[in-house]
Amino acid sequence: MSTWNTKQAPDGGWGWAIVVASLMGQLLAYGSPQSVGVLYPEWLNTFQDGKGMTALVGSLVSGVGLIASPICSACVVNFGARPVTIFSGVMVSGGLMLSAFAPNVQFLIFSYGIVVGLGCGLVYAATVTITCQYFDKRRGLALGIVTTGTSIGGFLYATVQNEFIALFGLDGCLLLIGCFALNIIACAGLMRPLHLPAYYLKQRAALAEKAEEKVLEMAPVVEDPINKNQSVNVLITGETKDPPPPYEKSLVSYMALVRLVKKNQKEYSEYLHSTAELLQNRVFLATCVSLFAYCLGAYTPLLFLEDLAQSEGLISGISTIPLVSIMSIAAGVGKMLLGVTMDIRWMNSIFLYAFTLLGTGVALLIIPVTRNYAGLQVISALLGFFSGNWSVIPYMTTKVVGMDRLTEAYGILMFFGGFSIMLGPPVAGWIYDWLDCYDLAFYFSGSFVLLGGAGLFLAVLCCQNKNQDETNMSDTESINDYDKVVTVA
């Protein structure tokens, strides 16, 4: 039996302390990245760099964590949730504090975009994994509570950062937010492991093997029936055979290295072959393309809406409740409502996801013709609500590829999404630098999101009859698998 299954999930008890700690960990880690739109105008005024280059900071902090999600998950599996959370707390806090002393945007790309982004990815992987270990029957509820930490953090931090900037300046704000992030380490203290991580099991096995070798070395010599006199001489005189020459040790080490490389090469080739098979599924390929198109445009308003409102004279400074706060709280509502909608038996998850993409695209196209701040607030609420479609992706992926290949397919989707998030906002910023106007940037973003939603809708309609067995699971199988799907969410 696998070590990960040796203890049954308690579904309560200390698990609720894990839920609280995980929620607070995500709140503290994702609060600043989710409200980076408040910091973006300040960086523009401070460094006087182009909007495209400055937007790369905010896009990296969201995209790096998604692209590195397989590495983050591997770290949690090998070392456990508590050490990874402690290390991620140091990364997030250190990255934010370093950003306070940034001399230019290029330094911010490293300190805020890469360091904080990787730290957030580690926090997310650790908190979701430890929550799944402690909950089985109530896993959906537990994960729903934990993942709302990102939305609550974005809502709170947008206002908090706005006030800190007014009181202490941009540098003081980043230092204080970095100090808050150190509390992630305190959250890790509650993450009592339910199962031993793989790294400790390997270390224990290695120590046991070394102990066996020492015992064998200390064992007495047994007489050789063929050469009795030689064995007696060894016992009496204590003489032993000479150790093997150095070149023999080198040869053995080289052969072991060759075997390891061949084994890893075989695993990599099998993974690439499996990935190619997944991409041959037309509906899954359309899902990857639609997610790429969605992330290319959907993250543009997170950075640029506040700057748009100020540059157009719709508001002086930043509102008490910034637009990114409205987007964050609406995203939390969207995650819950869209998740509940998935429990309706006749609901098709792929069509629902395509509808959210179409709604997001229309909202983005309306932004350039909106001439008042109240209109931008309404559009922010709509964009935030539709961004809750991330809760639909695991269910939709299960319907397309099945439960057996869910983890692999979800990792591929996150790679497409992360790469697109890193690309979208800088492209929109470079369009502004070229035309000195946000209109074409939002038209560009909205058009890509619309194309992604329409393409997915048409792909499903075309393949529905051909791949009916793959795209339509029975209601009973879907209900039984939902609690497993949430694990990957």
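Asp307 is buried, with a relative accessible area of 8%; buried means under 20%, exposed over 50%, and partly exposed in between, with a 1.4 Å probe and protein chains only. Before I go on, this is a predicted model, where local features need pLDDT of at least 70 and side-chain atom pairs count only at pLDDT 80 or more, while totals for chains, interfaces and linings use all residues. Residues are numbered from 1 along each chain as its sequence is written, and side-chain values use heavy atoms, with hydrogens and water left out.

I start with Asp307 for its partner. The side chain of Asp307 forms a salt bridge with that of Lys51, at 2.7 Å from N to O. Asp307 sits in helix H13, residues 300–311, and Lys51 in helix H3, residues 51–67, so the pair ties together parts that are 256 residues apart in sequence. Helices here are DSSP runs of H or I with at least four residues, strands are runs of E with at least two, and both are numbered from the N terminus. Lys51 is buried as well, at 11% relative accessible area. How many salt bridges does a search of the whole structure find? The search gives one, where the rule asks for a side-chain nitrogen of Lys or Arg within 4 Å of a carboxyl oxygen of Asp or Glu.

A cavity is a set of points, on a 1 Å grid over the protein atoms alone, where a 1.4 Å probe fits but cannot get out, and a lining residue has an atom within 4 Å of a point. Points are joined across faces, edges and corners, and the volume is the space filled by probe spheres set on them.

The second largest cavity has about 40 Å³. Its lining consists of Gly58, Ser59, Ser62, Tyr299, Leu302, Leu303, Ile421 and Pro425. H3, H13 and helix H18, residues 406–435, are the elements that give two or more residues to this lining. Which of the elements gives the largest share of the lining of the second largest cavity? That is H3, with three residues. The lining of the second largest cavity also takes at least three residues from each of domain 1, 9–201, and domain 2, 258–473; those bounds come from an automatic or database domain assignment. By class, the lining of the second largest cavity holds five nonpolar residues, three polar and no charged. In this scheme Ala, Val, Leu, Ile, Met, Phe, Trp, Tyr, Cys and Pro are nonpolar, Asp, Glu, Lys and Arg are charged, and the others, Gly among them, are polar.

The largest cavity contains about 50 Å³ of space. Around the largest cavity are Leu308, Glu312, Leu314, Ile367, Pro368, Thr370, Arg371, Leu376 and Asp439. The lining of the largest cavity divides into five nonpolar, one polar and three charged residues.

Next, the cysteines. The count of disulfides is zero, taking a disulfide as a pair of cysteine sulfur atoms within 2.5 Å. Cys187 is buried at 8% relative accessibility, whereas Cys75 is partly exposed at 24%.

Now the backbone. Most residues other than glycine have a negative phi. Gln48 is not a glycine, and its phi is positive, near 55°. Gln48 lies in the loop between H2 and H3 and is exposed, at 63% relative accessibility. Asp49 is also in the loop between helix H2, 36–47, and H3, and is partly exposed at 33%. The C-alpha atoms of Asp49 and Asn104 are 8.5 Å apart, for a sequence separation of 55 residues.

Asp436, again not a glycine, has a positive phi of about 60°. It is found in the loop between H18 and helix H19, 439–463. Is Asp436 buried or exposed? At 58% relative accessibility, Asp436 counts as exposed.

Leu451 lies in H19 and is exposed too, at 60% relative accessibility.

Last, helix H17, residues 393–401. Nine of the nine residues in H17 are buried, among them Tyr395, Met396 and Lys399.

Technical notes
On a 1 Å grid over the protein atoms alone, a cavity is a set of points where a 1.4 Å probe fits but cannot get out, and a pocket is an open set with protein on both sides within 12 Å along at least five of seven lines; lining residues have an atom within 4 Å of a point.
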